[in-house]
Amino acid sequence: MTSETIIRRYRAADRDVVTDLWSRASRQAHPFIEGKGTGERARVLRGVQLVREENWTAERDGKAVGLLRLFDGGDGGDGDGGGTGVEIGGLFVAPEAQGEGIGRELVEHAASLRGALRLEVFEGNARARRFCARLGFTERARRVDEETGHPRIVLEREAPLRSVSWLHVRDGRLLSVRTQGNDTFYLPGGKYEPGESAREALSRELSEELGLVVPEAELSEAFVIHDVAHGQNGRRLHMTCFTGGPQDIAPEPGREIAEYAWFDRQEVRERCAPAHSQVVDRLIEQGRMPG
């Protein structure tokens with residue numbers, strides 16, 4: 001079973017481990033650039049970027065395995081992010097930990113902090129380009145890197161659609177709702193209104209959609225799901241899921257809700273929006289739904 005990734009603020013005690021993983025990841029990603037991940041770049045990372053910039057560490061089993069650098073503008077780049085207005089100044093995962101979702105988690109963490117994202121990758125870094133494409137980044141411009149002479153691609157991604165959802169499981173089946181004129185089922189919940197907290201938004205949505213009274217104080221955050229928002233032309237989704245509230249309910253569809261139903265794992269995959277499958281997988285892991 002894959003260990004949980006913890007994303008936290010960079011600490012000075014991380015410096016040696018983070019510098020090492022940065023160096024190895026940089027050399028692996030950029031074999032076409034002599035001296036990448038060493039020399040002056042290493043000195044700048046240790047003495048400037050890790051000291052002055054906003055840095056986040058991905059940790060698994062107590063060991064740092066990833067680095068995310070964020071900044072609000074200016075010249076902070078190191079070849080895979082940098083330049084005026086770039087928010088992801090660097091994203092690196094230790095080679096032995098790649099392919100386990102850590103990079104994606106770091107990107108989504110950046111999105112949760114900043115919303116819209118921008119970064120740069122070398123044209124020759126095909127793996128990074130594929131990774132960014134999978135996460136919804138699109139090309140905006142190209143330029144030649146002054147230091148190396150290699151072309152770099154400017155990529156951008158709009159802010160994710162933020163929503164809240166309620167997880168109500170009865171007899172091993174997950175409550176889902178369908179809006180009028182739509183064949184796809186979603187989790188009960190919806191978007192925020194200006195000034196609302198997540199719990200306020202969900203309490204209001206449950207009242208409007210299903211006529212349920214679920215006090216904010218009874219809602220507990222379970223987890224966050226990152227996926228492609230259904231029917232939103234590839235826009236990313238940041239969905240905060242909550243449990244809690246009454247278990248014995250009698251929903252009364254309101255507003256635009258056409259019907260509600262409780263689905264098992266297979267029905268979720270056949271009839272529900274893509275993010276539903278991730279939710280069910282998490283609930284199975286937690287023992288709240290049968291596998």
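Predicted model: local features only at pLDDT ≥ 70, side-chain atom pairs only at ≥ 80, totals over all residues.
Asp281 forms a salt bridge with Arg265, and their closest N and O atoms are 3.9 Å apart. Colour the two helices that carry the pair: Asp281 belongs to helix α7 (residues 274-285) and Arg265 to helix α6 (residues 265-271), so that the bridge links distant parts of the chain, 16 residues apart. Next, display the surface around both residues. Asp281 is partly exposed, with a relative accessibility of 29%, and Arg265 is likewise partly exposed, at 33%.

Now move to Arg114 and Glu54. The side chains of these residues form a salt bridge whose closest N and O atoms are 2.5 Å apart. Select residues 102-114 to show helix α3, which contains Arg114, and residues 54-60 to show strand β2, which contains Glu54. Because the two partners sit in these separate elements, the pair ties together parts that are 60 residues apart in sequence.

The following stop is Arg15 with Asp16. A salt bridge joins their side chains, with an N to O distance of 3.8 Å. Arg15 is partly exposed, its relative accessible area being 36%.

Finally, select Glu193, Glu196, Arg204, Glu205 and Glu208 together. Here the view shows a network of salt bridges linking these five residues. Which residue in this network is an arginine? It is Arg204, and the network also includes Glu193 and Glu208.

To place these stops in context, consider the whole model: the count of salt bridges comes to 32.

Note on methods: Residues numbered from 1 in each chain as written. Heavy atoms only, no water. Salt bridge = Lys/Arg side-chain N within 4 Å of Asp/Glu carboxyl O. Buried < 20%, exposed > 50% of the residue type's maximum accessible area, 1.4 Å probe, protein only. Helix = DSSP H or I, 4+ residues; strand = E, 2+ residues; numbered from the N terminus.
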